[in-house]
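Please examine the structure shown here alongside the briefing that follows.

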Amino acid sequence: MSDPIKLPPIPNSVVEAYNQIKTFEPVIKAVAAAKDEEERTLKDQVEITEIEAAPFHEEDRAKDFAQRLKDLGLTNVRIDQEGNVIGVRPGTGNGPRLALGAHLDTVFPMGTNVKVRREGNKFYAPGISDDARGLAVILEVLRTLQEQKIETVGDILFTATVGEEGNGDLRGSKYLFKSKEEHIDGFISVDSANVERLLHGSTGSRRFRVTFEGPGGHSWSAFGTASATHALGRAIAKIADLEVSADPKTTFTVGTIVGGTTVNSIAASATTEIDTRSVCNTELNKLVDRLLPLLQQAADEENARWKAEGDAQIKVKIEPIGERPAGDQPDSSPVLMAARCAMDVLGIPLKKYTCASTDQNVPLSLGIPATTLGGGGTEGFNHNVKEWYDSTDSYRGPQLALMTVLGLVGVKGRSEPLLPKRA
């Protein structure tokens, strides 16, 4: 049995704010509605899943989501230059601006069968959880706010981002925060299903595609020619022997290997993709600074082994293919305190307090308070065509997102915002 998570107590001011919020009749009705309307939320989830949103092809899902925001009464809805959907629900004035978001894209290529199959509480389809669930949750948060006419002090930006997955490299989140088209004081992402998990920090990553190239030749008649695959093998062995920090956690992996043409050929080309990660940007950059020179060393050793010169030498091409910034925040961060207090109000235990890579990476790296909440229910086989989602108790996701948001932006006449405004 794991030790309980040890965190500083929630301040009395935060607890008091939530005491005011949770006893407000419209909020009580909104929390109840999130449960009563779960079939409506699941319907949204299924419909969104069945609109393909392959990497760099999120346009149809973006247009659909923008229309859904409009149908729920938002008049200020737009799709920005990068493809993100942004709809603003204004507060009563002079409050902070909180973005509540989920991502539009999936990992699956165009042409993937995304038709949802339902068996009781279980739904099967690629992308049914990651992140169609998140998109459906933020729609339900907006719906309950509108139905119960809850006025918030701060603005809420309902956002759906592109490019969160894989080689999308958080391009939507990067544009949202770095373009500065919208002022944002805090960010909540809804991603994954687990409502008992809370992210205090972001795992950063730097990824590279590395290609070794040489003349190649026949394995018998050209024996003695430097080999691209042998050079790659030397590089992998060097990388495998690297020692990295355990705290802050830092990792590396050689994720893919492609090379050669036939069993009886000296390879003219070999390519690998390398992933490096850390919860600390300093450690991440230190690892990369140690790793990249090993690639040229491997090529040099292969060339020396066969005395290769000029065009007969193995050469190395290094291409960056992804960079996700790391970030962390103190346990006293307003988004973390609000989420924890919302969990307490709803009777949701906090069982996992950790770091991961989501759209929150970008704001956290910029010093903007941010976290990621689960959408409720359970999930499995994410990033696999066998992906499934179980809706048992899934209503807890919209309830948690709603209560966390209300604490941060404040409720008119009941509570002041917990989220401070940035300069």
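The buried residues of helix 8 are covered by elements that include strand 9 (204–213), helix 7 (228–240), strand 11 (250–259), strand 13 (269–278) and strand 14 (315–324). The model is predicted, so local features need pLDDT of at least 70 and side-chain atom pairs count only at pLDDT 80 or more, whereas totals for chains, interfaces and linings use all residues. Residues are numbered from 1 along each chain as its sequence is written, and side-chain values use heavy atoms, with hydrogens and water left out.

**Helix 8**

- Helices (H or I, at least four residues) and strands (E, at least two) are DSSP runs, numbered from the N terminus.
- Helix 8 covers residues 281–305, which is 25 residues.
- From its first C-alpha to its last, helix 8 reaches 37 Å, close to the 36 Å expected at 1.5 Å a residue; the expected span is 1.5 Å times one less than the number of residues.
- The buried residues of helix 8 are Glu-283, Leu-284, Leu-287, Val-288, Leu-291, Leu-294, Leu-295, Ala-298, Ala-299, Glu-302 and Asn-303. Buried means under 20% relative accessible area, exposed over 50%, and partly exposed in between (1.4 Å probe, protein chains only).
- Helix 8 is followed by Lys-307, which has a positive phi near 55°.

**Nonpolar cores**

- A nonpolar core is a set of buried Ala, Val, Leu, Ile, Met, Phe, Trp, Tyr and Cys residues joined through side-chain atoms within 4.5 Å.
- The largest core has 60 residues, of which Phe-65, Leu-69, Val-85, Leu-100 and Phe-158 touch the most other members.
- Apart from this core lies another, of 23 residues, including Phe-212, Ala-267, Leu-287 and Ala-308.

**Salt bridges**

- A salt bridge is a side-chain nitrogen of Lys or Arg within 4 Å of a carboxyl oxygen of Asp or Glu. By this rule there are 29 salt bridges.
- One of them joins the side chains of Arg-133 and Glu-38 (3.0 Å, N to O). This pair links distant parts of the chain, since Arg-133 is in helix 5 (residues 132–147) and Glu-38 in helix 3 (residues 38–49), 95 residues apart.
- Arg-133 counts as buried, at 0% relative accessibility, and Glu-38 also counts as buried, at 8%.
- Glu-302 and Arg-234 meet in another salt bridge (2.8 Å, N to O). Glu-302 lies in helix 8 and Arg-234 in helix 7, so the pair ties together parts that are 68 residues apart in sequence.
- Glu-302 is buried, with a relative accessible area of 0%, whereas Arg-234 is partly exposed at 28%.
- A network of salt bridges links Arg-40, Lys-43, Asp-44, Glu-47, Asp-64, Arg-68, Glu-140 and Arg-143.

**Thr-256**

- Thr-256 has its place in strand 11 and counts as partly exposed, at 34% relative accessibility.
- Leaving aside neighbours within four places in sequence, Thr-256 is in contact (heavy atoms within 4.5 Å) with Thr-271, Thr-272 and Glu-273.
- Thr-256 and Ser-173 are 83 residues apart in sequence and 26 Å apart in space, C-alpha to C-alpha.
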